[in-house]
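The sequence and structure come next.

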Amino acid sequence: MGKKNRRRDKNAAAQTQRSQHQQHNVVPMPLVTGEALANPYVVRRDDFRRLPRWPNDGIEQERKKNRESGQDSTCLGRIETDDPDTIAMTELLGGYPSKLPLSEIEPEGGTEAEPIGFIRSLPFMFQKTAAKEQSNLPIAKSHLIEAYKRKHADVRRILKEINCEKCVYKGSCDESRFPDFRTIIVPLFQKNLASDKNVELLFGKVSHVRHILLEFGAQLADPPPENSPAGKVLSQFLYVPEVKATPAPKSCAECGHVSDEDCSKCSACKTVAYCSADCQRKHWPIHKPDCLRAQGKGVSEKVAAKAQRKVEEKAALERSHKSKECEQVKKQFEDDFTAYASEGPGEHWAHDCSGKRLRIHVPTVYADQMIGNIAKIFLQLREEQIVSLGMFPDGIDPDKYGFRGTELKDPRTDARILVLFERLFADEGRGGGVGLHIDGVFVVENVVGGAARWKLVPEPKASYTREDNRLHKMVKYLELAKRKAKSVPEVIDLGIHNPGDPNMSLLPTQFGNYLNIL
């Protein structure tokens with residue numbers, strides 16, 4: 001039997017073993033979760049009293065900003081209450097984001113997606129954003145590879161304990177096959193090995209990977225449902241005693257095809273892989289200098305110059321392909337917009353992520369961009385930013401409105417408009433995105449102490465006619481908001497704190513990539 005066939009059979013056997021564990025719901029060792037895990041990062045998102053702290057952790061900056069800005073110039077206020085949790089959060093953030101204490105906010109339907117869960121998780125969101133900005137995964141990867149190559153005894157002992165030694169070895173030989181960091185970090189938590197000392201041994205500094213520690217520590221403290229998207233992701237990285245972690249699969253250096261079975265390494269240097277002899281021939285002029293250097297051989301100026309020329313030609317071709325993909329996305333958006341504009345009157349419904357049935361005001365996965373384009377085409381408004389509010393602006397009740405939205409500006413008057421919405425999904429909230437439900441459109445009512453106070457613009461339902469479709473109604477709503485919006489100087493604090501969404505990813509579609517926010 002050939003070496004390639006033996007390797008394929010071995011990989012298939014490992015995958016079968018892993019699948020059998022998943023099918024029989026085998027708990028991946030007598031591992032503990034939640035309180036029993038001895039690590040400061042294993043804390044629920046909403047348990048703000050027990051969150052780990054570090055210098056410049058996001059909470060520190062928010063507290064300083066709110067305390068220095070004063071009561072009149074910040075969207076965070078203070079309320080009179082004896083509720084200890086509310087007092088603790090006010091002290092932690094330098095202010096409090098709601099008119100009601102935590103003890104009086106009731107979750108609708110008992111889901112964490114409702115206001116109380118969101119408010120209690122705000123400190124975690126600030127930390128996650130700060131940790132992401134401070135992360136440095138390339139340096140973390142380089143540190144671990146170098147430590148492994150130096151045969152650092154403690155590093156190898158830890159990797160062996162979590163069944164990751166082989167996959168890191170593969171990554172040290174070919175960096176393109178370095179495993180997902182979660183493959184290492186989740187088992188560290190499960191085996192109670194994720195101390196700061198061990199993390200520094202593996203990755204150099206805790207800050208390099210702290211955002212992953214925060215995210216998956218929170219998931220282990222409060223595991224998501226097994227059949228949820230988050231639960232399925234987590235299950236991929238859980239430690240299983242009998243199964244070794246696998247490195248990233250091989251990918252073809254020429255075409256990008258990913259497959260351990262189809263790709264074979266260059267026999268001379270063992271540093272790159274190809275899915276076919278044809279791809280290897282095409283890539284040879286580019287790879288030749290690196291291949292010779294890996295073998296300790298010299299590289300002539302002619303060979304180096306030819307490789308550089310081929311790299312530039314390939315980059316130009318990739319730019320051309322990317323441009324074509326962008327044109328496809330643009331065309332799909334235009335087609336969706338045309339369908340939206342020409343549809344007849346009627347109502348369309350779907351569900352949000354918590355299962356609530358709501359009306360679809362703006363359709364398609366490009367709905368965020370659709371609002372900005374409608375505002376630009378019909379009303380000459382400019383989209384300033386897509387927002388994911390960390391704190392709600394003054395005058396907007398976080399218990400009633402969604403935290404995602406679009407900020408618009410009238411360039412002629414400097415007036416501001418804020419459109420808040422909920423994302424809606426097919427299959428009763430479990431499927432793909434189908435559009436947006438507009439929670440409300442807001443304008444600045446007045447300015448007090450240098451800070452804006454916002455006011456809801458009532459939907460002009462009386463002006464709608466039977467012939468109006470969803471686009472006509474949206475234009476009329478935004479047109480009313482434009483008439484009511486007042487000029488706001490640039491120096492005014494709008495209260496739009498936009499820490500970003502913690503769960504964003506680019507997902508490929510047949511029309512190109514689009515930003516998916518869960």
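## Basis and burial

Buried means under 20% relative accessible area, exposed over 50%, and partly exposed in between, with a 1.4 Å probe and protein chains only. Helices (H or I, at least four residues) and strands (E, at least two) are DSSP runs, numbered from the N terminus. This is a predicted model, in which local features need pLDDT of at least 70 and side-chain atom pairs count only at pLDDT 80 or more, while totals for chains, interfaces and linings use all residues. Residues are numbered from 1 along each chain as its sequence is written, and side-chain values use heavy atoms, with hydrogens and water left out.

Helix α9 (residues 181-190) is largely enclosed by the rest of the structure, because nine of its 10 residues are buried. Among them are Phe181, Ile184, Pro187 and Gln190. Asparagine 192 follows α9 and has a positive phi, near 55°.

## Nonpolar cores

A nonpolar core is a set of buried Ala, Val, Leu, Ile, Met, Phe, Trp, Tyr and Cys residues joined through side-chain atoms within 4.5 Å. The largest one has 73 residues, and Leu144, Ile184, Leu202, Phe203 and Trp454 have the most contacts inside it. Helix α11 (residues 210-221) gives the largest share of this core, seven residues. A second, separate core of 32 residues includes Ile371, Ile374, Val419 and Ala485.

Contact means heavy atoms within 4.5 Å. Neighbours within four places in sequence aside, leucine 144 touches Val155, Leu159, Val168, Phe178, Ile184, Leu202 and Phe203.

## Packing of α5 and α11

Axes are lines fitted to C-alpha atoms, for helices over the stretch in contact, and angles run from 0 to 180 degrees between N-to-C directions. Helix α5 (residues 122-134) packs against α11 at about 145°, with the axes 7 Å apart. Residues of α5 in this contact include Phe124 and Ala131, and those of α11 include Leu214 and Ala218.

Glutamate 133 lies in helix α5 and counts as exposed, at 66% relative accessibility. Its C-alpha is 9.7 Å from that of histidine 208, 75 residues away in sequence.

## Packing of α14 and α15

Helix α14 (residues 301-342) and helix α15 (residues 367-379) pack at about 70°, with their axes 12 Å apart. α14 is therefore roughly perpendicular to α15, a term for angles of 65 to 115 degrees. Phe333, Asp336, Phe337 and Tyr340 in α14 meet a set in α15 that includes Met370, Ile374 and Phe378.

Conventions. Angles under 35 degrees count as roughly parallel, over 145 as roughly antiparallel, 65 to 115 as roughly perpendicular and the rest as oblique.
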